[in-house]
Amino acid sequence: MLEEREARELKERVVEINRVAKVVKGGRRFSFTALVVIGDEHDRVGLGYGKAREVPLAISKAVDDAKKNLFTVPQHGTTITHEILGEFGAARVLLRPASEGTGVIAGGGVRAVLELAGIRDILAKSLGTTNPINMLKATVNGLQRLRRPAEVAETRGLTIKQVLPYVPPAAEEPEAPAQTEATESDGEAEDHADA
């Protein structure tokens, strides 16, 4: 029952369908390959690749493959926990956390993976090949290597507060005097203009 509900929740997105030809004695035999991303748009995502003589069969094979490769993505609010560079073959995809309201800044198949993983705000940049299969695998590699603050804290034997970057509250106070100086200098400029 629980498995059925999980299967229903998964959404699939076909990233690419490619026609490939095999040359045999009688001519060419055409078959199709499908690259599919599935995810629950919450925190689980998977990537699959399927090959068959017909397009629908290739897609269904790719979906089955993607279900075997499902994994959970660590998130911090609507973005990822930290910056990471995913690599696969010649493909390199840089994933960078973004502030709320930024949206998914990514191209092509990378966008499909990030959206189905439930990430709402992120910056992504492809730095290597534009081959869709390798780009998606590089994105998945980056997402799989993400770590939660709790995991890092446990590994280092520290508390979560010690692991997270510390922003001192005093950092905001020096800005206020700078603004008052600017207004005073404006006032002096006006005085000189009057003279």
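Author: A polar contact is a pair of N or O atoms within 3.5 Å; within protein, one must be able to donate a hydrogen and the other to accept it, and residues adjacent in sequence count only if both atoms are side-chain atoms. This is a predicted model: local features need pLDDT of at least 70, side-chain atom pairs pLDDT 80 or more, while totals for chains, interfaces and linings use all residues. Numbering runs from 1 along each chain as its sequence is written, and side-chain values use heavy atoms, without hydrogens or water.

Reader: Why is Asp-40 called buried?

Author: Buried means under 20% relative accessible area (exposed is over 50%, partly exposed in between; 1.4 Å probe, protein chains only). Asp-40 has 18%, so the term applies. Asp-40 sits in the loop between β2 and β3.

Reader: Which backbone nitrogens does the Asp-40 side chain reach?

Author: That of His-42, at 3.0 Å, and that of Asp-43, at 3.1 Å. Beyond residues up to four places away in sequence, Asp-40 touches Glu-9, Leu-10 and Leu-116 (heavy atoms within 4.5 Å).

Reader: What makes a nonpolar core, and how many residues has the largest?

Author: A core is a set of buried Ala, Val, Leu, Ile, Met, Phe, Trp, Tyr and Cys residues joined through side-chain atoms within 4.5 Å. The largest has 27 residues; Leu-95, Leu-114 and Leu-143 are among those with the most contacts inside it. Elements giving two or more residues include β8 (91-97) and α3 (108-116). α4 gives the largest share, five residues. Another core, of 10 residues, lies apart; Leu-10 and Ala-52 are among them.

Reader: Why is β9 called an edge strand?

Author: Two strands pair if DSSP finds at least two bridges between them. Two bridges join β9 to β10, so they pair; they run parallel. Val-104 stands opposite Ile-122 in β10. The open, mixed sheet has the order β7-β8-β10-β9. β9 (104-105) pairs on one side only, as does the other edge strand, β7 (84-88).

Terms used:
Helix = DSSP H or I, 4+ residues; strand = E, 2+ residues; numbered from the N terminus.
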